Amino acid sequence: MSTSPKPVKKVPIHLQSAQNRVYIKNGEIVNHDKTFKADVYIEDGIIKFVGPASEITIPGGVRTIDASGLLILPGGIDPHTHLQLPFGGAVAVDDFYHGTKAAVAGGTTMIIDFVLPNKHESMIEAYDKWRSWADPKVCCDYGLHVGITWWSKSVSEEIGILCKELGVNSFKTFMAYKGLYQLNDSDLLDVFERIRQLNGVAMVHAENGDIIAKNTQRLLAEGITGPEGHELSRPEEVEAEAVHRACVLAHQVDCPLYVVHVMSKSAGIELARARHRYRGRYIVGETLAAALGTDGTHCCQLFEFDHAAAHVLSPPLRPDKTTPEFMMKLLANDDLQLTGSDNCTFNKEHKALGLGDFTKIPNGVNGLEDRMSLVWEKGVHAGLLDPCRFVAVTSTNAAKIFNIYPQKGRIAVGSDADIVLWNPQATRTISKDTHHHACDFNIFEGMVVHGVPEFVLVRGRICVENGIVRVAEGFGRFIPTPVRPPFVYDIIEGKVQSLPEEHHDEKQNGNIAKKFAELDIQIPVVEPIGAMLAGNLPMPAEGSICSTPSVRGRVDGKRDLQESSFSISEELDKSGVRACIKVKNPPGGKSSGFW
């Protein structure tokens with residue numbers, strides 16, 4: 001881990017002199033809608049001036065930064081973190097200090113974390129608990145979503161209090177985690193209806209929990225206990241089905257829906273279909289740094305338990321190696337709108353709780369520090385995103401959806417001075433040895449990425465300067481997220497159109513149909529888990545191994561995307577199904593969870 005300076009205790013801003021006033025000159029500003037050359041003057045944490053140098057007289061006592069060759073970006077907003085989260089018998093090792101320090105080091109200047117009440121716990125009490133954890137530790141500003149983990153009249157009433165009095169406009173529901181967080185369709189409809197009444201934003205973890213529970217039971221009974229069992233229990237179609245169902249349910253009650261962590265091609269296509277079907281109303285989607293930067297082969301190829309388990313999250317990383325580029329193209333085409341990290345980190349000893357039973361592996365990976373650079377590398381540097389779209393999917397869209405724009409997510413007069421001076425040509429190598437997380441593993445280990453934050457300002461305070469990170473513990477503030485975000489509700493109420501009417505003429509409908517047909521070609525046919533366990537699928541030569549020695553896992557055929565977005569003319573494997581792999585049992589024939 002990094003050896004950067006120890007945390008600076010919170011200092012009143014009026015005592016920070018040079019930190020109080022900052023002048024940035026000679027840079028190029030990138031907002032979500034345009035780029036332009038301009039200087040920026042900051043005072044008391046607020047942007048006071050944006051324009052040419054000839055139009056401002058700089059007062060004394062100002063820190064001047066020459067941004068020649070750099071881009072001036074709005075600070076990143078990570079809409080999906082789980083800091084200090086109790087999960088599966090462990091607690092995430094990135095607390096609100098380490099997590100937000102890592103965020104700032106990577107160019108993210110605000111996070112939105114999830115309050116997850118236990119079943120039958122008061123949402124208000126859980127909210128108060130999260131605030132007590134976060135407020136003394138956060139190094140940057142933060143907001144909160146709240147999970148709805150059970151449903152009752154009291155929960156409905158507390159949602160109203162959270163919206164009206166406590167600064168929360170977004171609520172996460174679960175279609176997975178049967179017996180723990182999962183809600184049935186009837187409860188989901190009631191929840192969505194209540195959120196709509198309050199002009200809030202519904203969020204959903206979309207996986208079919210009933211199928212997962214059944215698959216898990218069968219896999220364990222067959223001795224498949226290693227980390228590869230996690231993805232086998234919840235294949236792409238299980239995620240895609242839930243995405244489709246969630247969008248239909250939300251549509252019935254006119255409720256905006258934010259689908260968190262879309263992790264597969266199939267699920268991405270279902271979300272894109274829903275956005276087209278409802279003309280851009282209701283539905284927005286998020287994918288993760290993990291889905292853009294790595295893949296599920298780390299869980300089912302020649303890796304020991306520790307490595308494979310470190311990659312376990314839900315929904316899982318997919319073994320199809322073309323998934324990351326596919327997800328980036330969905331972002332480029334506005335079929336997905338945001339990137340989060342789902343940062344929920346555990347160390348080796350915590351992941352080892354699932355040794356011999358993959359269901360007990362604490363779910364979660366890193367991504368909070370590396371998200372910005374990963375999206376730049378895989379998006380902008382790869383030629384799939386332009387810098388404006390990069391700003392949209394890493395910052396501005398989150399600010400708009402959660403109703404904190406333009407306070408956040410924009411370089412403009414009056415906005416908070418959350419600013420990143422970004423070097424698009426510089427590179428860095430991602431490593432657990434240099435990252436600022438508290439965890440002992442990094443799923444992007446060894447990756448070289450273009451795009452490095454040379455300076456990071458959090459409300460005008462310089463917290464990163466040329467690789468040195470100096471954060472102030474407790475400096476961050478809680479940022480309320482008001483109800484009725486115009487970005488969402490103006491579309492629902494017909495005040496603006498997301499998709500123009502010409503998108504629905506005969507010619508355009510034909511183009512859309514062709515687009516989805518081409519996308520569908522890339523989705524492998526997945527046989528039911530029962531067929532795999534029965535050994536009815538073709539087997540290649542022996543020799544490949546997984547973490548569970550007796551597993552009949554699967555690997556993907558080659559499916560490369562062509563350069564142009566969604567113009568694919570390739571074919572499926574001749575069999576139309578994923579191949580399977582079989583390995584010999586270890587001595588004694590027992591499955592130990594890894595081998």
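The accessible surface of the chain comes to about 21,600 Å², computed by the Shrake-Rupley method with a 1.4 Å probe, where for residues only the protein chains shown count as cover. Carbon and sulfur atoms hold 51% of that surface. The model is predicted: local features need pLDDT of at least 70, side-chain atom pairs count only at pLDDT 80 or more, and totals for chains, interfaces and linings use all residues. Residues are numbered from 1 along each chain as its sequence is written, and side-chain values use heavy atoms, with hydrogens and water left out.

Of the 595 residues, 62% count as buried (under 20% relative accessible area, with exposed over 50% and partly exposed in between; 1.4 Å probe, protein chains only). The chain has 18 helices and 23 strands. These are DSSP runs numbered from the N terminus: helices are H or I with at least four residues, strands are E with at least two. Now take contacts, meaning heavy atoms within 4.5 Å. Among those with a separation of 6 or more, 79% join residues 24 or more positions apart.

Helix H14 spans residues 371–381. It is largely enclosed by the rest of the structure, because nine of its 11 residues are buried. Among them are Arg371, Trp376 and Glu377. Gly383 follows H14, with a positive phi near 85 degrees.

Next comes helix H15, residues 387–401, which holds Ser395. Ser395 is buried, at a relative accessible area of 1%. A polar atom of its side chain lies 2.8 Å from the backbone oxygen of Gly75. Leaving aside neighbours within four places in sequence, Ser395 is in contact with Pro74, Gly75, Gly76, Ile77 and Gly409.

Glu473 sits in strand E21, residues 472–473. Glu473 is buried too, with a relative accessible area of 18%. Its C-alpha atom is 9.5 Å from that of His98, a residue 375 positions away along the chain.

Finally, the cavities. A cavity is a set of points on a 1 Å grid over the protein atoms alone where a 1.4 Å probe fits but cannot get out; lining residues have an atom within 4 Å of a point. The count is five cavities of 30 Å³ or more. The largest cavity contains about 180 Å³ of space. Its lining has 17 residues, with His82, Phe87, Tyr177, Ser314 and Asp342 nearest the centre.

Key:
Polar contact = N/O pair within 3.5 Å; in protein donor to acceptor, adjacent residues only side chain to side chain. 1 Å grid on protein atoms, 1.4 Å probe; cavity = no way out; pocket = protein on both sides within 12 Å on 5 of 7 lines; lining within 4 Å. Points joined across faces, edges and corners; volume = space filled by probe spheres on them.
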